[in-house]
Amino acid sequence: MASAVALSSFSSLFLRSSRSSSASSSAPSTSFIPRSLTHPPSPLRLSAPAPSPAATSGGEIETTFYYNDDPSNIVTFDPPERPEGYVPPPAFDELPPETEEEISAGYEELYGPAYSGESVLGNDIYVMDAKLKKTSSHLGRKKREKVADGFEERVVQVRRVTKVVKGGKKMSFRAIVVVGNKQGQVGVGVGKAKEVVDAIVKSSVNARMNIVTVPMTKYSTFPHRSDGDYGAAKVMLRPASPGTGVIAGGAVRVVLEMAGVENALGKQIGSKNALNNARAAVVAVGKMRQFSDVARERGIPMEELWK
């Protein structure tokens, strides 16, 4: 009994929906009625008007565009007035003809000298692109340009250091660099970075900020003996006779050579740390004084210093 009632209700629902669909299909759609050719076109506007409540309630929004400009109007171009003293540039065909050297220079500036085999601008003909600078070596390492300030650089040590942080270990490189002009000026610097090249750059900049002057005699040696310590490292420096050379080891030898000392004796006592020994050598050098400076401070001639 229940199944018969459900079947009858389903059939009545199907007939009602089919009637409504047939009625809607038989009624002509106003949106597709063609307009007569004599009907003037409606104006077009870019902004859409507010939809009516009736259209919004039905779920379909009809948008109408309006266009206010008349295409038949002629628009004249009114440029601004030229300033006083304006001289128009010459036309392209009125310019003087270019010489072959100028054409070759322009061609080489665009494409490089390798295509013609000759260089007008003085570039290397074996380089395809003269503007392209080689920033890495054949091993993929970055290269850096050296600063032309008269100081030479020498790397004493490069070590990999580790910093323990909350998320794990942070790896970086520490470089020790000694710079000097071999004329009595030397400096020691240290720097850390994620790359070796960047660490060397940082340490060289730090070394240039810590330049000290080394007093020397005419025999390129120290005026007197001196001792210096830094941390647990202690360094002894002694003058030597001409022809002795630099008898020292480790970082002390590098510091003396970059300072321009040719005859000296050096000894590291205690720690073997390269950074501390280099800084201890700088401390020992900073304690040295010339005899002329001491005599000037005392107000006596140099001959009376040894009396």
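Trainee: What should I know before reading values?

Mentor: The model is predicted: local features need pLDDT of at least 70, side-chain atom pairs count only at pLDDT 80 or more, and totals for chains, interfaces and linings use all residues. Residues are numbered from 1 along each chain as its sequence is written, and side-chain values use heavy atoms, with hydrogens and water left out.

Trainee: How many helices and strands are there?

Mentor: Helices (H or I, at least four residues) and strands (E, at least two) are DSSP runs, numbered from the N terminus. The protein has 7 helices and 8 strands.

Trainee: What share of the residues is buried?

Mentor: Buried means under 20% relative accessible area, exposed over 50%, and partly exposed in between (1.4 Å probe, protein chains only). Here, buried residues make up 22% of the 307 residues.

Trainee: Which residues touch the most other members of the largest nonpolar core?

Mentor: A nonpolar core is a set of buried Ala, Val, Leu, Ile, Met, Phe, Trp, Tyr and Cys residues joined through side-chain atoms within 4.5 Å. The largest has 28 residues, and Val 188, Phe 222, Leu 237, Val 255 and Leu 256 touch the most other members. S2 (168–180), S3 (185–193), S6 (233–239), H5 (251–259) and H6 (274–286) each supply at least two residues. H6 gives the most, with 8 residues. A second, separate core of 7 residues includes Val 179, Ala 193, Ala 199 and Ala 207.

Trainee: What does Leu 256 touch?

Mentor: Contact means heavy atoms within 4.5 Å. Not counting residues up to four places away in sequence, Leu 256 touches Phe 222, Leu 237, Val 246, Ala 248, Val 261 and Ala 264.

Trainee: Which residues of H4 are buried, and where do they lie around the axis?

Mentor: Ala 199, Ile 200, Ser 203, Ser 204 and Ala 207 are buried in H4. They cover an arc of only 135 degrees around the axis, so they lie on the same side of H4. The arc is that of the directions from the helix axis to the C-beta atoms. These buried residues pack against S1 (152–165), S2, S3 and S4 (211–213).

Trainee: Where is Lys 287, and what is in contact with it?

Mentor: Lys 287 sits in the loop between H6 and H7 (291–298). Lys 287 is partly exposed, with a relative accessible area of 47%. Leaving aside neighbours within four places in sequence, Lys 287 is in contact with His 224, Ser 226, Asp 227 and Gly 228. The C-alpha atoms of Lys 287 and Pro 215 are separated by 9.6 Å, though the two are 72 residues apart along the chain.
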